[in-house]
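Subject: Structure handover

Hello,

Here is the structure I promised to pass on. Please have a look, then read my notes below.

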Amino acid sequence: METTFCQSCGMPLQTKQELGTNSDESKNEEYCVYCFKEGAFTKDITMEEMIRNCAQYVEEFNKDSEVKYTKEQAIEEMKQFFPTLKRWKKLI
């Protein structure tokens with residue numbers, strides 16, 4: 001199965017519990033529960049703010065990953081990756 005990623009924060013979407021919800025409470029296949037609830041984004045945030053927010057979780061990410069990032073490396077990777085995500089594409 002191909003891994004899909006939240007189109008806002010880049011989190012891998014691996015279980016139904018991680019999926020956000022639409023306004024009719026159905027699961028949203030594009031966004032995670034942290035970014036999208038009841039058909040709307042949970043935070044009015046810029047891409048740069050999202051990157052800083054996600055950078056807080058680098059140590060947690062490193063626990064489950066073969067690649068270990070410093071916070072600075074993770075930020076640089078996110079600066080490359082986030083513009084490819086649906087929420088941020090329109091901004092570039």
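A word on accessibility before the residues: buried means under 20% relative accessible area, exposed means over 50%, and partly exposed is in between (1.4 Å probe, protein chains only). This is a predicted model, in which local features need pLDDT of at least 70 and side-chain atom pairs count only at pLDDT 80 or more, while totals for chains, interfaces and linings use all residues. Residues are numbered from 1 along each chain as its sequence is written, and side-chain values use heavy atoms, with hydrogens and water left out. Helices (H or I, at least four residues) and strands (E, at least two) are DSSP runs, numbered from the N terminus.

Salt bridges

The structure holds 3 salt bridges. The term stands for a side-chain nitrogen of Lys or Arg within 4 Å of a carboxyl oxygen of Asp or Glu.

- Glutamate 76 pairs with lysine 79, with 3.7 Å between the closest N and O atoms. The two are 3 residues apart in helix α3, so about one helical turn separates them. Glutamate 76 is partly exposed, at 45% relative accessible area. Lysine 79 is partly exposed too, at 45%.
- Glutamate 29 meets lysine 16 at 3.4 Å, N to O. Glutamate 29 is in strand β4 (residues 27–32) and lysine 16 in the loop between β2 (12–13) and β3, so this pair ties together parts 13 residues apart in sequence.
- Lysine 86 bridges to glutamate 30, the closest N and O atoms being 2.9 Å apart. Lysine 86 belongs to helix α4 (residues 86–89) and glutamate 30 to strand β4, so parts 56 residues apart in sequence are tied together. Lysine 86 is partly exposed, at 44%. Glutamate 30 is partly exposed as well, at 33%.

Threonine 21 and glutamate 38

Threonine 21 sits in strand β3 (residues 19–21). Its relative accessible area is 12%, so it is buried. Leaving out residues up to four places away in sequence, threonine 21 touches Ser26, Asn28, Phe36, Lys37, Glu38 and Gly39. Contact here means heavy atoms within 4.5 Å. A polar atom of the threonine 21 side chain lies 2.8 Å from the backbone nitrogen of glutamate 38.

Glutamate 38 is in the loop between β5 (36–37) and β6 (40–41). At 58% relative accessibility, glutamate 38 counts as exposed.

Positive phi

Most residues other than glycine have a negative phi. Glutamate 38 has a positive phi of about 50°, although it is not a glycine. Glutamate 25, also not a glycine, has a positive phi of about 75°. Glutamate 25 lies in the loop between β3 and β4. It is partly exposed, at 48%.

The largest pocket

A pocket is found on a 1 Å grid over the protein atoms alone: it is an open set of points where a 1.4 Å probe fits, with protein on both sides within 12 Å along at least five of seven lines, and lining residues have an atom within 4 Å of a point. The largest pocket has a volume of about 1,100 Å³, the volume being the space filled by probe spheres set on the points. It is lined by 29 residues, and Cys9, Gly10, Met11, Pro12 and Phe61 are the closest to its centre. The elements giving two or more residues to the lining are α1 (47–55), α2 (58–63) and α3 (71–81). Helix α3 gives the largest share, 4 residues.

Best wishes

Methods: Polar contact = N/O pair within 3.5 Å; in protein donor to acceptor, adjacent residues only side chain to side chain.
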